[in-house]
Amino acid sequence: MTNVLIVGSGPTGLTLAIELARRGVDLRIVERSPEHPGGVRGKGLQPRTQEVFDDLGVIDEIVATGSAYPPIRSYQDGQVVWEGRMDEVKPVTDGEPYPNLVMQPQWRTEQILRDRLAELGHQVELGAEVTDFEQDADGVTVTLSTGETVRCAYLVGADGGRSTVRKRLGVGFVGETFDSERMLLADVKVRGLDRDHWHIWGDMVAKELRVSLCPLPGTDVFQLVTTLDSLDDVTDVEVDEIVWRSEYRVNIRMADRFRVGRVFLAGDAAHVHSPAGGQGLNTGVQDAYNLGWKLASGNERLIDTYEYERMGIAEHVLGLSTRLLRDRDLNRGDETKQLGLAYYGSPLSVGERGGERLGTLFAEQRGTHFLLLADTSQEYGEQIKVVPPLPGQEGVMLVRPDGYIGYHGDEAGLSAYLSGFGIAAPLASASR
Ligand SMILES: Cc1cc2nc3c(=O)[nH]c(=O)nc-3n(C[C@H](O)[C@H](O)[C@H](O)COP(=O)(O)OP(=O)(O)OC[C@H]3O[C@@H](n4cnc5c(N)ncnc54)[C@H](O)[C@@H]3O)c2cc1C
């Protein structure tokens, strides 16, 4: 029996596959499309996603092939009327090793994730659509379009906004479709524009942005985003080739459950956003990063916290991207970076700082282990790496494999926390 079957090979499914593969979990990842998808689509990788990608071993490639966001140049009636940046460029600090957005076409982010997955011994199975499934107490029986039937312990629907898995579960997808926000999205080759600016046509003061052409690093392509009737605003630019195109309406929706028995929803299958603020891809990556280590543990009490933790975040992020869409403001502060997101109130968060992102000791955290910040003589086994406490730290802090503080308190209480969640308990007291 396959342990986990992942449906969909977008950023969410690939991140989950890497998380499971590096923990030796038996997995399969199936993709309906006969070839790997193209399209620039989600191009902004937020600081928190970069921290996750550091842990997954892909950040060097992401940074080497991506770029910072270029400054914006805006035009009205054929004239440049404004130049500036969407956000302030921040310096690297200990607490923020990746303080700025990285621009990367989604097809390349996916390619880099697939290469990492291949290093870990797994390939996406193309042309394999999940058409149906049934679950019982011991597992899920899944039907593929290839005619194969797969039996797995857990099924994860990372199959995008139109998720078959969500529909087959009968889970509601509550929210709005903004019919007025009907957009054309295309990757185009053009003549007459420099590649050092993000070019925008419209009235920046009135916040009526009609056409956007953004150059993508390491390509000769611009991403075009426009309302269907606005292209006439653009003069002196010739489109040579349309490499990829899609029309879409903004949808803002969230599934009313992220888990039904042995089946989970993650990424766009669980929540769809407006593109404003670049949150969609990033939130999906973090769903997967939250679910991966829990599924790999096989411990029901840990696994069951996924839905609670990620529904809270999805609700928050949907609110944020909807506000940014309505405000039509291109300025971005820290709120879109996803560094301040926390799991306060989760059953897994205990003590004063329980639920917070640790935000330091990134090198020590890299890998699949927990990190215990403690001055201790106990031995905790391979799963828990012990490091000295932070200056001024009270009590001990246990950091989860996904970088959030799980337990903060005295060491005596830690044993109960660990055994409660089936995490390795202390082995024995080492002699000093
Ligand atoms: C204009 C635009 C700009 C955007 N900008 C940003 C941005 O700057 N930053 C950001 O974070 N996000 C952005 N996004 C959103 C981002 O593209 C999505 O949030 C992201 O693709 C979601 O990833 P996913 O893996 O959850 O789903 P998807 O990428 O949709 O992947 C789902 C996969 O599942 C496959 N599949 C579907 N059904 C089945 C089935 N039954 N069996 C097998 N396979 C199946 C599909 O073929 C697909 O490959 C943008 C989106 C748009 C449209």
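**Cavities and ligand**

Guide: About 30 Å³ of space lies in the second largest cavity. A cavity is a set of points, on a 1 Å grid over the protein atoms alone, where a 1.4 Å probe fits but cannot get out. Its volume is the space filled by probe spheres set on the points, which are joined across faces, edges and corners. This is a predicted model: local features need pLDDT of at least 70, side-chain atom pairs count only at pLDDT 80 or more, and totals for chains, interfaces and linings use all residues. Residues are numbered from 1 along each chain as its sequence is written, and side-chain values use heavy atoms, with hydrogens and water left out.

Visitor: Which residues line the second largest cavity?

Guide: Q286, Y289, N290, R310, Y343, D402 and Y404. Lining residues have an atom within 4 Å of a point. Helix 6 (residues 280-297) gives the largest share, three residues. Helices here are DSSP runs (H or I, at least four residues), numbered from the N terminus.

Visitor: How many cavities of 30 Å³ or more does the search find?

Guide: Two, in a search of the whole structure.

Visitor: Now the ligand. Which residues come nearest?

Guide: E31, Q106, D268, L281 and N282, of the 31 residues around it. To count as near, a residue needs a heavy atom within 4 Å.

Visitor: What about polar contacts?

Guide: A polar contact here is a pair of N or O atoms within 3.5 Å. A side-chain N or O atom of D268 is 2.8 Å from an oxygen atom of the ligand. The backbone of L281 places an N or O atom 2.7 Å from a ligand oxygen.

Visitor: How much of the ligand does the protein bury?

Guide: The protein buries 88% of the 1,000 Å² that the ligand exposes when taken alone. Those areas come from the Shrake-Rupley method with a 1.4 Å probe.

Visitor: Which helix gives the most to the shell around the ligand?

Guide: Helix 6, with three residues.

Technical notes:
On a 1 Å grid over the protein atoms alone, a cavity is a set of points where a 1.4 Å probe fits but cannot get out, and a pocket is an open set with protein on both sides within 12 Å along at least five of seven lines; lining residues have an atom within 4 Å of a point. Helices (H or I, at least four residues) and strands (E, at least two) are DSSP runs, numbered from the N terminus. A polar contact is a pair of N or O atoms within 3.5 Å; within protein, one must be able to donate a hydrogen and the other to accept it, and residues adjacent in sequence count only if both atoms are side-chain atoms.
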